[in-house]
Amino acid sequence: MEKPYVIGMDMGGTNTVFGIVDTRGNVISKSAIKTGTHTDVNLYINDIHAELSKLIEAAGGIGKIKGIGVGAPNGNYYTGNIEFAPNLPWKGIVPFANLMADKFGVPAALTNDANAAAVGEMTYGAAHGMKNFIMITLGTGVGSGIVIDGKVVYGHDGFAGELGHVNVMRNNGRLCGCGKSGCLETYASATGVARSAREILETSTKESLLRNIPVESITSKDVFDAAMQGDEVAKEIFNYTGKILGESFADFVAFSAPEAIVLFGGLSKAGDLILNPIKENMEKNLLPIWKGKVKVLFSELKEADAAVLGASALAWEL
């Protein structure tokens, strides 16, 4: 009998979430451990094994598991290694997929979290049936997964698709955590929205509900809440963010001609506040051959399960 389940695992700097997933994309059980408290990767894997073994036994044993898919920061699909991840406690190159496969006795695959989200969207979500699309994750940073002819683009070294670090502001751009200035991530992430709010409030005298919050404490959710109450400054911030994203998307379309660009992550919860300026500015900047042809969609993966689903989708290919 074909093995009916896979394991999906999403590794963040703070927490690692994992679950058992069936062929229809149902997460049948799920658990989590802390990531950051483990300075030794082998002890971390021991803790995952202890917790995940309970779920595996409840699902009928390891014989029912086809493989393990992992979404991890700086995960290299080709090698199965996590390479120089700044937010993880283990430095340098960690052969994570091999360590997991050895521990559990089933094959394991690994990629970065945005690529995992793209595979998940193609397998279970809004991009189901699509062979050409771009996944953009709008969270603390901006991640991306590029799919061409049904395959994720990994490039020659496994790290292709860092669209969050394309330059959108050549002169006097904001400093990015990557060390460059003017990256898309510094404007279009949740952190970027908060930075835009601070800039507008500090350089203008416009009235805004946001002035009731200490300027250094403003979050993207505060901007969203104010915009939903009709605050003009908050709406201006979303228009500015959407303009930068839309202009960037027009550039992305020029190199891969996707059927759709799928948005995922916290900032996408802003709905039409972010979607309308994105579409308007993308269309304005597209070459005539692509006008009206590229959809901008929100992810259809249930947010609580999306990261686990995305990672699990890798394991069906093992």
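Biologist: Which residues of H7 meet H8, and which ones in H8 do they meet?

Modeller: From H7 you have Lys235, Phe238, Asn239, Thr241, Gly242, Lys243, Leu245, Gly246, Glu247, Phe249 and Ala250, and they meet Leu273, Ile274, Pro277, Ile278, Asn281, Met282 and Asn285 in H8. Contact here is heavy atoms within 4.5 Å. Helices (H or I, at least four residues) and strands (E, at least two) are DSSP runs, numbered from the N terminus.

Biologist: Where does the model come from, and how are residues numbered?

Modeller: It's a predicted model, where local features need pLDDT of at least 70 and side-chain atom pairs count only at pLDDT 80 or more, while totals for chains, interfaces and linings use all residues. Residues are numbered from 1 along each chain as its sequence is written, and side-chain values use heavy atoms, with hydrogens and water left out.

Biologist: Back to that helix pair: at what angle do H7 and H8 pack?

Modeller: About 40°, with the axes 7 Å apart. Axes are lines fitted to C-alpha atoms, for helices over the stretch in contact, and angles run from 0 to 180 degrees between N-to-C directions. That makes H7 oblique to H8. For the wording: under 35 degrees is roughly parallel, over 145 roughly antiparallel, 65 to 115 roughly perpendicular, and the rest oblique.

Biologist: How does H5 sit against H7?

Modeller: The axes of H5 (residues 190–203) and H7 come within 10 Å and cross at roughly 125°. H5 and H7 are therefore oblique to each other. On the H5 side, Val193, Ser196, Ala197, Ile200 and Leu201 make the contact, and on the H7 side it's Val233, Glu236, Ile237, Tyr240 and Thr241.

Biologist: How many nonpolar, polar and charged residues are in the contact of H5 with H7?

Modeller: 7 nonpolar, 2 polar and 1 charged. Ala, Val, Leu, Ile, Met, Phe, Trp, Tyr, Cys and Pro count as nonpolar, Asp, Glu, Lys and Arg as charged, and the others, Gly among them, as polar.

Biologist: Switching to strands. What order do the 5 strands of the open sheet follow?

Modeller: E11-E10-E9-E12-E13, with mixed pairing. Two strands pair if DSSP finds at least two bridges between them.

Biologist: Why is one side of E11 and of E13 left without a neighbour?

Modeller: E11 (151–152) and E13 (295–298) stand at the edges, each with a single partner strand, so one side of each has no neighbour in the sheet.

Biologist: How do E9 and E12 pair?

Modeller: E9 (residues 133–138) and E12 (residues 260–264) are parallel, over 5 bridges. Ile136 has Leu263 in E12 as its bridge partner. H7 (residues 232–256) packs on this sheet, touching E9, E10 (142–148) and E12, and its direction makes about 150° with that of E9.

Biologist: What do E12, H8 and E13 make?

Modeller: A right-handed β-α-β unit: with the strands pointing away from the viewer, the path from the first strand over the helix to the second runs clockwise. E12 and E13 pair in the parallel sense over 4 bridges, and Ile261 is partnered with Val296 in E13.
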